[in-house]
Amino acid sequence: MKYFVLFILPISFLLGCNDSDDDSDPSSKTCSENPLENIEWLKELVNNTNANGLEIIQYDYKVQTVFSINSCLGCSDNLIIIYDCEKNKVCKFGGISGLNSCPDFDTEAKNETLLFSTRNCDKGTIISPKLYKALKTSPITSVKIEGDCLLITFNILSSQNNINDTTLIDSGEILESSPVQRRLKFNIKENRTRPTSVIATTSFNISNLANEDETITLIIDGFDHSIDYTRSTP
């Protein structure tokens, strides 16, 4: 019996080593397939975007998913910070002193994905199947595209002269056609206390919906006409 026990222990030890090797699989370092929906601190950033703007870009860097956060678009001395999934700081770039704490980032960071941007527009477009299903469709008067911005004009009854609580949500579904189609929903958080008629226009950056130089067709719920959009090259 003693020899039998001694024989089992090495096998158990080897099996344990194999389990730890599986834990080192790079795929285990991926945060989420829908980070803006499932990662709370990213969701908070999007929901609390201020007048300085916001841009969130996802990368694969040193066997982990990281997020580049630019919270002051167009600011000459802005500090761009790279975070991991748990919001630990990984890299810092820019600022008054011109920081570059990860000199290998440009060559080592892969699979760049623009998640959210308000660059040159009032707001960004959120890709969220869950939010798309949850929010109702608000009426639209007209739409047009200027650069990477989708301008939406609407007419609603509200007690607010300036309507800031507007959201544009992409369903996350890509409809195969030529060009490919994406479905969007426009939503306004209305305030109907002693309402008056308000006509306003707001713009959304839609560059995260297409690759560079790609043309897509946007289908907006509640609006009669589709609209084609070609993402510009930076």
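## A polar contact at Asp122

In this predicted model, the side chains of Asp122 and Thr202 are joined by a polar contact of 3.4 Å.

How far apart are Asp122 and Ser203 in sequence, and how far in space? Along the chain they are separated by 81 residues, yet their C-alpha atoms are 5.1 Å apart.

## Where Asp122 sits

To find Asp122 in the structure, look at the loop that runs between strand 6 (110–117) and strand 7 (123–124). Is Asp122 buried, partly exposed or exposed? Its relative accessibility is 47%, so Asp122 counts as partly exposed, because that class lies between the 20% and 50% cut-offs.

## The largest nonpolar core

Now let's turn to the nonpolar residues. The largest nonpolar core has 23 residues, and the members that touch the most others are Val143, Leu150, Ile152, Leu168, Phe186 and Leu218. At least two residues of this core come from each of strand 10 (149–158), strand 12 (181–188), strand 13 (196–205), strand 14 (215–220) and strand 15 (227–230). Strand 10 is the biggest supplier, giving four residues.

Leaving out residues up to four places away in sequence, Leu168 touches Gly124, Thr125, Ile126, Leu150, Ile152, Leu184, Lys185, Phe186, Phe204 and Ile206.

Another core lies apart from the largest one. This other core is made of 14 residues, including Trp41, Phe67, Tyr83 and Leu115.

Note on methods
Residues are numbered from 1 along each chain as its sequence is written. This is a predicted model: local features need pLDDT of at least 70, side-chain atom pairs count only at pLDDT 80 or more; totals for chains, interfaces and linings use all residues. Side-chain values use heavy atoms; hydrogens and water are left out. Buried means under 20% relative accessible area, exposed over 50%, partly exposed in between (1.4 Å probe, protein chains only). A polar contact is a pair of N or O atoms within 3.5 Å; within protein, one must be able to donate a hydrogen and the other to accept it, and residues adjacent in sequence count only if both atoms are side-chain atoms. A nonpolar core is a set of buried Ala, Val, Leu, Ile, Met, Phe, Trp, Tyr and Cys residues joined through side-chain atoms within 4.5 Å. Contact means heavy atoms within 4.5 Å.
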